[in-house]
Amino acid sequence: MEKLTFEYAATKSVPKRAYVGVVGSGDLEILLEPIEEKKAYVVVRTRFDGFEQIWRDMLDRFFEDNDIAVKIEINDFGATPGMVTMRLLQALEVSIDEA
Amino acid sequence: MKLKDSFVELRARDRAKALLDEGTFRELLGPFERIESPHLEPQGIVPECDDGVVIARGLICGERAVVISIEGAFQGGGIGEVSGAKIAGALERAVKDNEKGIKTNAVIVHDSGGVRLQEANYGLLSIAEIQSAIVALRNYVPVIGVIPGKIGCFGGMSMTAGLFSKIVITREGRMTLNGPEVIEQEAGVAEFDSSDKRMIWDTIGGAQRQAIGLADVLADDDITAITEEVRIFVKEGKPSELRSSQVDLFLSRIKMVDPSKPIGPMDVREMWSKDYISKDVENIKSEAVKENEKVMSRGRIWFEKLTGISNPKVGDVPSVLCTDVNLGDEQVRYIAVIPNPNNRFPRARNGEVGLEEGWTVAKYVREAMEEDDGKEKKRPIIAVVDVPSQAYGYKEELLGIFQSCAGAVDAYASARYAGHPIVSLLVGPAISGAFLTHGYQANRIIALDDPGVLVHAMSKQSAARITKRSIEELDEAAKKVPSMAYDIQSYSTLGTLEELVSGIDGAAPKAEDIENIKEKLSKAIEVTRTSGIRDLSNRLTSEKALTGRAAGIKVRSRLKEEWN
């Protein structure tokens, strides 16, 4: 298991917190919470060691597309990059869309 | 035609939502409270923020309810300290509500491999507490189990299912005490071939379990179908008969089985649909007694020395000893499970708890309850515990050994709630389902500080196979997480033991040791009576428990805060 942290500059806020996914085989859970500070903080705990660069690439791209001030916690049980991106977008959608 | 909406495919949280009346779902200890297991990260395992259990309050048919939903995708739904405390704590709150006259229904969605082996003893202990709470709660409301699959319920959680008032299962749900891989590991591939999926489903799958009466309803995997069955059971209220209390019925069914002959799922369906002729049962009884042969074991040595009877009379199941003798000036009942090399069931010849043992323990406990019914002072029951494991075998699973174990759990817990002080004396191994069955429901547990006294959820070999680690890795992990260790010293840090008695050789106790232990048993009985506590809450208030079970205590206090 490896614990990784990432930080991004951010300007826009999101309406509310969101929880998606499950710490199951090939999947991950995401806890997304809005924060006051103009920043995005991400903490990843992942089952597989040695993939920091891939996580960085995925998150760089996600925050490039989505300028949001949030705290994100990810508990990963071996999700593929595609799955990670899908879950991130799902978390964002839940945060914005659902009443 | 409307397509089916799969219930099985739903995650735990959505299952809970589906079972509650629309718009009434309110989660307790939800994801953002981040009450995760403190034991996984130190072992390099990624935790989940809700530890894989969803507790939801809401309404069912307009009535107050709690739904407990286990997430099978996280660590196979395994029960650890936090997830176990969430389940037990929620059930305990529901008991308290009902005691106060506030009717609160309970539904549990089971999707669990049993004890989470990475937390081992925390899981086993939690399961004992979950079972105790279910037995209490069934007096007020039906405790309804939903077993949708994909996992189903295994290990101690299948015994828990054996206590449910009503069970809704799908074809994808499985109920079994020992998983196929574990039986294969313990008993060999000839006993149970874990690669034969067809045979496994035909034996422990939902359709078979319902057909032989170990589940009530076989539902389609459809949200509406399953929620409708649950609503029917809520409306019906508590049933007049519970599976785990029907000792005579199940004992007579098992007596009719000839374990030397092959038996398959369809045979059980046919046999269990008929009424039995008592004469046939009598014939089998006498044969069994004739074959009895004396083998010494720790359990037998302690039973004989404590009771002062060197050749105890045996009933029709010679592997369970039971007798009433005086302890001080009071009559107490001693019960022990011992080896019987001629046991009708070959997989239960070394002191394991098998099909007949579980139900027979239940019989002896219930006998004491019936005889003392109406008396002000109930007879204490002392469980002499030396149980290497439950019996691992194909016939055992086919004939529902989990239900047999649940029968004994039900009897012990019911006796305790009725006011019988129950004390367990650990003189040898107290392992897994066998300990849950015989001993773990006690008010007080006394253990000998002896290397032969062990408490654990699974043998090292099987635990290594299931968690895909080596035995060396398991030993290494046990250094970080004491609940994973096998020795009684590590176990004592959980604060569950009333006393750990040192200086006694468990295999060869001297006369003064026996007197010493008798005094301690008397004291434990007295403390139990004086405390007036009939549930297992005293296990959380010992000095050691404050640190050893800190997470379990925190979960319960948070549940209390958020309950209403």
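Predicted model: local features only at pLDDT ≥ 70, side-chain atom pairs only at ≥ 80, totals over all residues.
Good morning, colleagues. I begin with chain B as a whole. Its secondary structure comprises 22 helices and 16 strands. The radius of gyration of chain B is 22 Å, close to the 24 Å that the globule rule gives for 564 residues, so chain B is as compact as a globular protein of that length. Of the 564 residues in chain B, 63% are buried. The accessible surface amounts to about 20,200 Å², and carbon and sulfur atoms account for 49% of that area. As for contacts in chain B between residues at least 6 apart in sequence, 77% of them join residues at least 24 apart.

Let us turn to a sheet in chain B. Seven strands make up an open sheet, and their order is β1-β2-β3-β4-β5-β7-β9, with mixed pairing. At its edges stand β1 (26-28) and β9 (217-218) of chain B, each of which pairs on one side only.

I would direct your attention to β3 of chain B, residues 63-70. Six of its eight residues are buried, and the strand is thus described as mostly covered. With β2(B), residues 53-60, it runs antiparallel, and eight bridges join the two strands. I60(B) has E63(B) in β3(B) as its bridge partner. These two strands form a hairpin with two residues between them, and in the turn C61(B) has a positive phi of about 55°. Strand β3(B) also runs parallel to β4(B), residues 105-109, to which five bridges join it. There, V66(B) stands opposite A106(B) of β4(B).

Further along the sheet, β5(B), residues 143-147, and β7(B), residues 166-169, pair in the parallel sense over four bridges. In this pair V146(B) is opposite V168(B) of β7(B). Helix α2 of chain B, residues 81-99, lies across β2, β3 and β4 of that chain and runs at about 165° to β3(B).

In soluble globular proteins, nonpolar side chains tend to be buried together. Here the largest nonpolar core has 156 residues, and those with the most contacts inside it are L91(B), W302(B), Y334(B), L426(B), F435(B) and L521(B). Helix α3 of chain B, residues 121-137, supplies the largest share of this core, namely 11 residues. Which residues does F435(B) touch, not counting residues up to four places away in sequence? Its contacts include L124(B), V385(B), V387(B), L426(B) and Y491(B). A second, separate core has 27 residues, among them I30(A), L59(A), A79(A) and V84(A).

R298(B) belongs to helix α12, residues 298-307. Is R298(B) buried or exposed? Its relative accessibility is 19%, and buried means under 20%, so R298(B) counts as buried. Beyond residues up to four places away in sequence, R298(B) touches D386(B), V427(B), G428(B), D450(B), G452(B), V453(B), G506(B) and A507(B).

R347(B), for its part, is found in the loop between β11 (330-337) and α13 (355-371) of chain B. At 26% relative accessibility, R347(B) counts as partly exposed. Neighbours within four places in sequence aside, its contacts include the glutamates E186(B), E191(B), E352(B) and E396(B). The C-alpha atoms of R347(B) and D324(B) lie 29 Å from one another, with 23 residues separating the two along the chain.

Finally, chain A. In what order do the five strands of its open sheet stand? The order is β1-β4-β5-β3-β2, and the pairing is mixed. The edges are taken by β1 (2-9) and β2 (18-21) of chain A; each has a single partner strand, so one side of each is left without a neighbour in the sheet. Neighbouring strands are turned by 10° against each other on average, direction ignored.

The partner of β1(A) is β4(A), residues 39-46, and the two pair in the antiparallel sense over eight bridges. Within this pair, K3(A) has R45(A) in β4(A) as its bridge partner. Helix α1 of chain A, residues 52-65, packs on the sheet, where it touches β1, β3 (28-34), β4 and β5 (70-76) of chain A. The direction of helix α1 makes about 30° with that of β1(A). Thank you for your attention.

Key
Residues numbered from 1 in each chain as written. Chains lettered and ligands numbered in written order. Heavy atoms only, no water. Pairing = 2+ DSSP bridges. Axes fitted to C-alpha atoms, helices over the stretch in contact; angles between N-to-C directions. Contact = heavy atoms within 4.5 Å. Core = buried A, V, L, I, M, F, W, Y, C linked by side-chain atoms within 4.5 Å. Buried < 20%, exposed > 50% of the residue type's maximum accessible area, 1.4 Å probe, protein only. Rg over C-alpha atoms; globule rule 2.2 N^0.38 Å. Areas by Shrake-Rupley, 256 points an atom, 1.4 Å probe, with all protein chains shown as cover.
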